[in-house]
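Please look at the sequence and the structure shown below. The paragraphs after them are meant to be read with both in view.

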Amino acid sequence: MSELVNDISLIEEPEQTLSMNPKKFILWLFIVSIIMLFAAMTSAYLVRRAEGNWLEYTIPAVFSYSSVVLVVSSLTMHWAYIAAKKDNFRSLKIAITITFALGMAFLYMQFQGWVQLVNQNVFFVGNPAGSFMYIFTGLHGFHLISGLIVLVFALVAAFRFSIHAKSLNQIEIAAAYWHFLDILWLYLFFFLVYFH
Amino acid sequence: MATAIDNQATVAHVAEHEHHEPQSFLRTYIFSEDHKTIAKQYLISGIIWSVIGISLSVIFRLQLGFPDMNMGFLRPVLGNWINESNKLDPNFYLALVTMHGTIMVFFVLTAGLSGTFSNFLIPLQIGARDMASGFLNMLSYWFFFLASVIMFASMFIETGPAGGGWVVYPPLSALPQASPGGGSGMTMWLVSMALFIVSQLLGGINYITTVINLRTRGMSFSKLPLTIWAFFLTAVLGLISFPVLLSASLLLIFDRSFGTSFYLSEIYINGEALPNVGGSPILFQHLFWFLGHPEVYIVLLPALGMTSEIIATNSRKPIFGYRAMIASMMGIAFLAFIVWAHHMFVTGMNPFLGSIFMFLTLIIAVPSAVKAFNYITTLWRGNIRFTPAMLFSIGLVSFFISGGLTGLILGNSALDIQLHDTYFVVAHFHLVMGAASAFGLLAGVYHWFPKMFGRMLNEKLGYIHFWLTFIGIYLVFFPMHYVGIAGFPRRYYAFTSYDFTKNIFADMNSFISLAAVFTFTAQWVFMYNFVYSLFKGKKATQNPWKSNTLEWTTPIEPGHGNWPGEIPAVYRWPYDYSKPGAKDDFIPQNVPYSQTPESNLPHENELISLEKEIEAQNLNDQFKQPH
């Protein structure tokens, strides 16, 4: 019988409806909207830059260091995920805490970057070349703060032992968002360096 | 087989759960997470907004049609916006135009249309208990409500609402000095729109997740009603384009409030230079129209989707070209993102680039024509029942064709340079996007009113409403094409002071205005019908239109969770109307082929063997319990 069915190409096999966890799916769609927000910003940057009258300045070195910090925080985030999978609660708590601390350090370094920009006489108000720098770092920082809030919730959940090998949704969502914010910053950073 | 046993186990397990506690009034009717209540909230808000939005247009139409009119009688409503000589204040005229556009495009035809019908129909037609996240859905409505309150409040501040047009081009929108509404009115506009975008994103994310994850057993994408396809693609369009508008308005907010120069450069006011240097106003237009063009389809696609469903049901025929309809909607959705610059042919764009955008724009005619022909071929030799919903759907097809034809003209950059910013453009988009979508909305209300409120709308009043509106809209917008070809520019307060407009078409403008008042008056027939039928309408039966889709398998007034028992499984596509050999002229989606041997086609008989497999599938029931 099943052979007969397979022979007929008109028939489509009944498929299970995709049942991804709706919350995770919502996260991915949310990420799509953030991507579009920054895609618009970076295209605006290119369009405006192509028109000339563009202020040239050196990007403060602290932004390179902060990028390294954020990449490391992504690694510790992954460590947290592996720890959760292995029900290693001590490492889980330590890893989330370190990730959170690195996130805060990143934000502080971004702020130092702004201070250096001001010292270089590149201001938020003035030539759009400088304004865009502040907008990119500022908007990314704003999203990173939301990532930190997600981390706090994950940390609280870790202390309540509600994250473990059989309940990984929350840590997976936190980790996916954090890695995304990391990749987003790397994109913005290399974009700014390349199209300078 | 193992899965079937598992499934029975789940069902047994499910029965042990207790029912939800009845919720408080506040949670049931105000801060509700139920998709049906949220849909009704959107519908009522949309109706209130449309009354406000259309009233504004009537006021400025009076000014355009009768420039010498004594407007003193409007003073009790408009106060000082009627000046000493009993005329409309010119600045307020611009504010009226701006608010009319903003309200109709965003608050009525985006939130009122998608918000109502995506929320109402997606769970009911795909067989889900509710949206993926009821909480985000509730949040979506209340962000919209907050946006509405702020936009409404901006009309009552002393300097008036924003007056830079609904497209808010800088520098007009960026400089408080540009118009009275350029100060706090414009600020409130931007805040309101930012909240509106958040609301639309929350809603859209929910729609997409629900359609992909929460379909019932057997409801594959190739069995989805076209309504759901349309809502799904609309939500995808919104998800991709609204963040871009958010970017554009963020930069505008920084320009306005923090002194940056993204859009401003070398501007002189009263001989004094502004400090802003290095910005580009064209940049805003690029960002705005990257949303603005998809927005046209965000408004139109849901209407087209509902029309497909209504026309197939009331022609008692399968929709013609189901897959072609899906493909053309996908084509339209894709092309929507690569044609934005056809709104900018006169910005000094490189003519070569202009011809590329012209080419891409004209390609949209192909999927649009496929849709138009498919509607007509569905109607062809159908057993047509002219319900009010059907009439409005046919009206939509008419507007879609007559408005779409002028789209071909405007899409040509050479012709657009002549016609840009004239009433020809106004007539074009009001027919193809405004009237067509509004007819989709009205068709949807007439068709799904019995499911929403358990009562029928009065048919006779529906017919009267249709004919008055249909004729009225053509009387308004057909003559407007002539006015546009004659070169009358839009957004002008009066045509009495220019040589080229002074002595012509004054009678035509008066005629258009009278037709507008007539059409507006006709809408009160609908308002009366809506309110009357809400309380005193004829009680609806379970499936009043003899339709195939799943929403008609729910109780007449579905409770929380939609189906009292198990969610039905789906075995066939939604368009089995007038199938040869069948007992009735419709076979609902949840009737298995094994029950209809008399009408099955050979390949459908083969499908009978797969029914067990469908039934054995995961129930995909997010509540995990019957209600």
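What follows is a guided reading of this structure, which is a predicted model.

We begin with chain A and its database record. An unreviewed UniProt entry lists residues 25-47, 59-82, 94-111, 131-163 and 175-195 of chain A as "transmembrane region". Two of these spans may be examined in the model. Residues 131-163 of chain A are 88% helix and 0% strand, and the end C-alpha atoms of this span lie 42 Å apart. For residues 175-195 of chain A, the corresponding values are 95% helix, 0% strand and 30 Å.

We turn next to the place where the two chains meet. Here 34 residues of chain A are in contact with 42 residues of chain B. On the side of chain A that touches chain B, the elements giving two or more residues are helix 2 (22-50) and helix 5 (128-159) of chain A. Helix 2 of chain A provides the largest share, 14 residues.

Which residues of helix 10 of chain B are buried? They are Y322(B), M325(B), S328(B), M329(B), I332(B) and A333(B). Seen down the axis of helix 10 of chain B, these buried residues fall within an arc of 140 degrees, so they line one face of the helix. An α-helix has 3.6 residues a turn, so residues three or four places apart point the same way. The cover over the buried residues of helix 10 of chain B includes helix 8 (226-258), helix 9 (281-315) and helix 12 (365-379) of chain B.

Methods
Residues numbered from 1 in each chain as written. Chains lettered and ligands numbered in written order. Predicted model: local features only at pLDDT ≥ 70, side-chain atom pairs only at ≥ 80, totals over all residues. UniProt positions renumbered as here; feature names shortened; annotations may be inferred. Helix = DSSP H or I, 4+ residues; strand = E, 2+ residues; numbered from the N terminus. Buried ≥ 20, exposed ≤ 12 C-beta atoms within 10 Å, placed from the backbone. Arc of directions from axis to C-beta. Contact = placed C-beta atoms within 7 Å.
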